[in-house]
Amino acid sequence: MTGLPLGLIVEGLVSVLLILTIGYSILLNQRLKKLHADKDALKAIIADLVTATETANIAISELRQTADEAETNLTGRLEDAERFAVELANHVTAGQSVMDRIARILSTVRQAEASGAPADAPVVTNRAQEALRRLRSHQMRKDEAA
């Protein structure tokens with residue numbers, strides 16, 4: 001009879017271990033389901049990240065292209081500005097030369113007036129002075145524009 005209660009105890013112990021194993025399996029199954037759900041969410045996040053990376057690469061490529069176009073455009077404008085600056089400097093130099101000639105003519109006319117000039121000398125002097133005034137006014141407008 002002692003063997004029967006011992007067999008019953010062993011079987012009871014095996015039953016308890018089996019119940020614990022089943023309970024642990026259920027708990028493990030729930031955790032695996034959560035892990036699979038997290039895995040699917042992680043896959044979705046990775047897919048979104050890949051899409052965002054591709055979009056960013058395309059945007060960077062377009063930005064580089066735009067920067068290259070802007071550089072080309074700016075270089076062209078700078079070359080034009082340099083050319084216009086040289087032309088403007090040449091015009092200012094030419095204008096200064098004309099002003100110097102008018103000043104010399106005016107000086108000569110004034111000297112002629114002082115030494116007993118002909119009757120039409122005041123008209124020439126007035127014309128020269130007016131031309132000199134217009135030239136100075138024009139030069140001042142150019143200086144203000146620059």
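Here's a quick tour of the salt bridges in this structure. The model is a predicted one, and it holds two salt bridges. Three residues take part, and Asp-80, Arg-83 and Glu-87 are linked in a network. As background, side chains of opposite charge can pair when their charged atoms come close.

**The Arg-83 and Asp-80 pair**
- Arg-83 forms a salt bridge with Asp-80, and their closest N and O atoms sit 3.1 Å apart.
- Both residues belong to helix H1, which covers residues 3–114.
- Arg-83 and Asp-80 are three residues apart in that helix, so about one helical turn separates them.

**The Glu-87 and Arg-83 pair**
- Arg-83 also has a salt bridge with Glu-87, where the closest N and O atoms are 3.9 Å apart.
- That still counts, because the cut-off for a salt bridge is within 4 Å.
- Glu-87 and Arg-83 lie in helix H1 too, four residues apart, which is again about one turn of the helix.

**Putting it together**
- Follow the links from Asp-80 to Arg-83 and on from Arg-83 to Glu-87, and you've traced the whole network of salt bridges.

Note on methods:
Residues numbered from 1 in each chain as written. Predicted model: local features only at pLDDT ≥ 70, side-chain atom pairs only at ≥ 80, totals over all residues. Heavy atoms only, no water. Salt bridge = Lys/Arg side-chain N within 4 Å of Asp/Glu carboxyl O. Helix = DSSP H or I, 4+ residues; strand = E, 2+ residues; numbered from the N terminus.
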